[in-house]
Amino acid sequence: MDLRLLTEDDAAASTLMSHHAFGLPTSGPAAFTIGPEVQRWGLFDGKVLAAKANDRSYDSMIGGRRISTAGVAGVAVAPEYRGTGLARRLMTHLLAGARARGVVISTLFRTAPALYRSLGYEQVAELIDGSLPVSALRSIRPSVTGLRRAVAADGPAIRRVYAAVARSGSCLLTRDGPAFDADDERLIGSFDGISLAVDPSGDVVGYVSWNRGSGYGDAGALSVVDLLALTADGYRALLAAVGSFEAVTPTIKIRTSGDDPVHWLIPGAGWSVREVSQYMLRVVDLAAAIQARGWPAGLAGEMVLEVDDPTCPWNSGRHRLVVDHGTGRLERAPHGPAATTVTPGGLALLFAGGIPVAALRRAGLVEGERPESDQFLDAAFAGPRPAILDYF
């Protein structure tokens, strides 16, 4: 079979395969695009598109630093070719190509977890679409933070709030670069409204982006895309703004992930989960990923890791992980005493952060009894619970 990048001439075949696999539309501006933000790979049996996958260029924030990311999406195999290993062949090629262009991790929203786990991916976060009654927000009152509607000139301030949240978390996308090229006018126009939380000095300390939807009364609902703030009172102001729709919309639909402070500030009951999208990660280039990631400033130490990674064989081998006061590096380690063995899935969970090694051992993702090494790994990869707020 011929494995190559798709071109505009392949648009009809690609969109039809997406329709058959995912029920996506076959027309419209988002049906098929080619640009610097995406590489679309296809496997052809003669002139027939048998399988395809997209590699989207993103950056993720992990340890306070930008990590180059291949966001995989649109993996599909035509019904007549399923079960013949084409998805694995395509994904293996995609990962090698991503490494060649400098990518160090890959992420995706899973549709076939067994396949992706066999390729070294593991679930690190969940994107949760939930809902709550507006009445749950009834008693919220900000003390000093005010509110106003955002205009195009507020685009930089909105982006600064998101960037600060992403920088302090783990796995959130940076929302810049070719994949996020919307200018300030388009950012504001993407929603029915963006309400800003403003402190007494006039600085923007939070924002909530929302879509009103249709209908009112029992059928009415307000959809919240982002509700992010840098202060507790900012969160209260934004929740109060959302709660002000109570007369016409009994339900708030809201997207959340990880350790979202919004859950700690809702006074009433009724939160429910409508949909969960599992987010998976795999380390593409282990040495480069260790060097790129942020590390605890107060930690220094080293240990030996043994890795067997058949999908990305350049990661395999015996390595010395060295962490030195905010920096990290991976060195080839000579043969010696037994090392801590980590599977590719275990590496994904460690790299994303916030998972104790004891849990990885219970799942069989880490082996080799080295209690002092476990303590080092827990300290090195400690951090916020991974989160994601963008679906792709």
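## Basis of the model

Local features are reported for the predicted model where pLDDT is at least 70 and side-chain atom pairs where it is 80 or more, while totals for chains, interfaces and linings use all residues. Residues are numbered from 1 along each chain as its sequence is written, and side-chain values use heavy atoms, without hydrogens and water.

## The sheet

An open sheet of mixed pairing is formed by 12 strands, in the order E1-E2-E3-E4-E5-E12-E6-E11-E10-E9-E8-E7. Strands (E, at least two residues) and helices (H or I, at least four) are DSSP runs numbered from the N terminus, and two strands pair if DSSP finds at least two bridges between them. Strand E1 (2-5) and E7 each have a single partner strand, so one side of each lacks a neighbour in the sheet. From one strand to the next, the twist averages 25°.

Strands E6 (residues 122-133) and E12 (residues 272-283) run antiparallel and are joined by 9 bridges. Gly 130 stands opposite Val 273 in E12.

## Helix H6

Helix H6 (residues 232-243) has 12 residues and spans 16 Å from its first C-alpha to its last, close to the 16 Å expected; the expected span is 1.5 Å times one less than the number of residues. In H6, 9 of the 12 residues are buried, among them Tyr 235, Leu 238 and Val 242. Buried means under 20% relative accessible area, with exposed over 50% and partly exposed in between (1.4 Å probe, protein chains only).

H6 packs on the sheet, touching E7, E8, E9, E10 and E11, and its direction makes about 170° with that of E10. Contact means heavy atoms within 4.5 Å; axes are lines fitted to C-alpha atoms, for helices over the stretch in contact, and angles run from 0 to 180 degrees between N-to-C directions. The buried residues of H6 also pack against helix H7 (262-265).

## Aromatic contacts

The structure holds 9 aromatic pairs. Rings of Phe, Tyr and Trp (its six-membered ring) pair if their centres lie within 6.5 Å; planes under 30 degrees apart count as stacked, over 60 as edge-to-face and the rest as tilted. Tyr 58 and Phe 392 form a tilted pair, 4.9 Å centre to centre with 45° between the planes. This pair links distant parts of the chain, 334 residues apart. Both Tyr 58 and Phe 392 are buried.

The rings of Phe 109 and Phe 392 have centres 5.4 Å apart and planes at 70°, so this pair is edge-to-face. One aromatic cluster includes Tyr 58, Phe 109 and Phe 392.
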